[in-house]
Amino acid sequence: MGLDGYEQLTFTRREHGVLLITIDRPEKYNAADEQLHGELARVWRDVAADPRTRVAVVTGAGKAFSAGGDLAMVERMAGDYDRVQHMLREMSDLVYNMIDCEKPIVSAVNGVAVGAGVVVALLADVAIAAEDAKLGDGHVKLGVAAGDHAAIIWPLLAGMAKARYYLLTGEMVTGAEAERLGMVAKALPRDAVLDEALRVADVLATGSQPAIRLTKRALNNWLRAAGPTFDQSAAYEMLTFMGPDVVEGHTALREKRAPRFPSATD
C-alpha cells in the first residue's frame, strides 16, 4: 500500500500536503499500456488513504498529458475475452476511484489527452488545460463504443448536443474550446498550466478540509446518479472489442490510413 511500487507515475511532495503526480512515459507521449492503466486506476485509492496528502495535482511528462491507449495494448485486447474482462473491471475502478476519492484532484492538462488521459483530465475536480491542448474520445474511430468515462461526464460538462457530436464523430476539442464549452475550468498558455494548477491546489490545501471534501462528495452525486449509464457504456465498449471492427480500427491506425470497417461496407 502507499505510494510505493509505481513504475509509470512519479510523485513529488510539495508544501501544504499537495502531491504532484506525473504521468511519466514521455517517450510514448504517456500513452497508457496495461501497466500505466492499472496504476491510474488504483492511485486514487492510495491518494485517499495517504495521510500526508490533502490535494493531488496530475500532469504529464514532456509534451503530452496522455495520448490515449497504447496501440499494442489495443491489439492484445481485441478478441481476447480475459483481457477484455480485466479491462472492464479496471476502467470502472479508474472512474469510481476518482469520483470516490475524498480529496480534491486538479488536472494540469499540458498537452494531448485521449483515452485514459482524458478520463483523468475531465474527472478531476478542477481541470486546467493548455489552450492548444487536444482532448478527445476517439473510441468510435477505433471501432468500439465510447466507454471509459464519456457517458458519465461529457453530457454534464458540455451538454447533450455537444457530447453527442464529439462522441459520435470522435473529433478532438482544443483546450480553448473545452473552456468555452465548460469542459475545463480554465484554459491558459501551455507554460502557465502547471503553475496555475499548483496555485489552485494550494488554495484547496489551505482551506477547510471537511468543507471542501464534503462539497466534492455532494457534487459527485451527479456522477453517481449517472453510474448505470457509465456501467452500460463500459460494457458496450468491451463488447465491441470482441467484434471485427476494432481489428480493422487498430490495423488502420498501425498502417496510418482511414479505416474500412466491416460493419460499414456493402
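**Exercise 1. Determine how strand 3 and strand 5 are joined, and which residue of strand 5 is the bridge partner of Val57.**

Solution. Step 1: strand 3 and strand 5 run parallel and are joined by four bridges. Strands here are DSSP runs of E of at least two residues, and helices are runs of H or I of at least four residues, both numbered from the N terminus. Two strands count as paired if DSSP finds at least two bridges between them.

Step 1: the partner of Val57 in strand 5 is Val106.

The model is a predicted one, in which local features need pLDDT of at least 70, side-chain atom pairs count only at pLDDT 80 or more, and totals for chains, interfaces and linings use all residues. Residues are numbered from 1 along each chain as its sequence is written, and side-chain values use heavy atoms, with hydrogens and water left out.

**Exercise 2. Explain why strand 5 is described as largely enclosed by the rest of the structure.**

Solution. Step 1: a residue is buried under 20% relative accessible area, exposed over 50% and partly exposed in between, computed with a 1.4 Å probe on protein chains only.

Step 1: five of the five residues of strand 5 are buried, so this strand is largely enclosed by the rest of the structure.

Step 2: the burial concerns both faces, with Ile105, Ser107 and Val109 on one side and Val106 and Ala108 on the other.

**Exercise 3. Describe the four-stranded sheet and the link between strand 6 and strand 8.**

Solution. Step 1: this open sheet has the order 4-6-8-9 with mixed pairing. Strand 4 (66–67) and strand 9 (173–174) are its edges, each pairing on one side only.

Step 1: strand 6 (residues 113–114) and strand 8 (residues 134–136) run parallel and are joined by two bridges. Ala113 stands opposite Leu135 in strand 8.

**Exercise 4. Identify which helix supplies the largest share of the lining of the largest pocket, and how the lining residues divide by type.**

Solution. Step 1: the lining comprises 40 residues, and Ala67, Gly68, Gly69, Val114 and Leu253 lie nearest the pocket centre. On a 1 Å grid over the protein atoms alone, a pocket is an open set of points where a 1.4 Å probe fits, with protein on both sides within 12 Å along at least five of seven lines; lining residues have an atom within 4 Å of a point.

Step 1: helix 2 gives the largest share, five residues.

Step 2: the lining divides into 21 nonpolar, nine polar and ten charged residues. Ala, Val, Leu, Ile, Met, Phe, Trp, Tyr, Cys and Pro count as nonpolar, Asp, Glu, Lys and Arg as charged, and the others, Gly among them, as polar.
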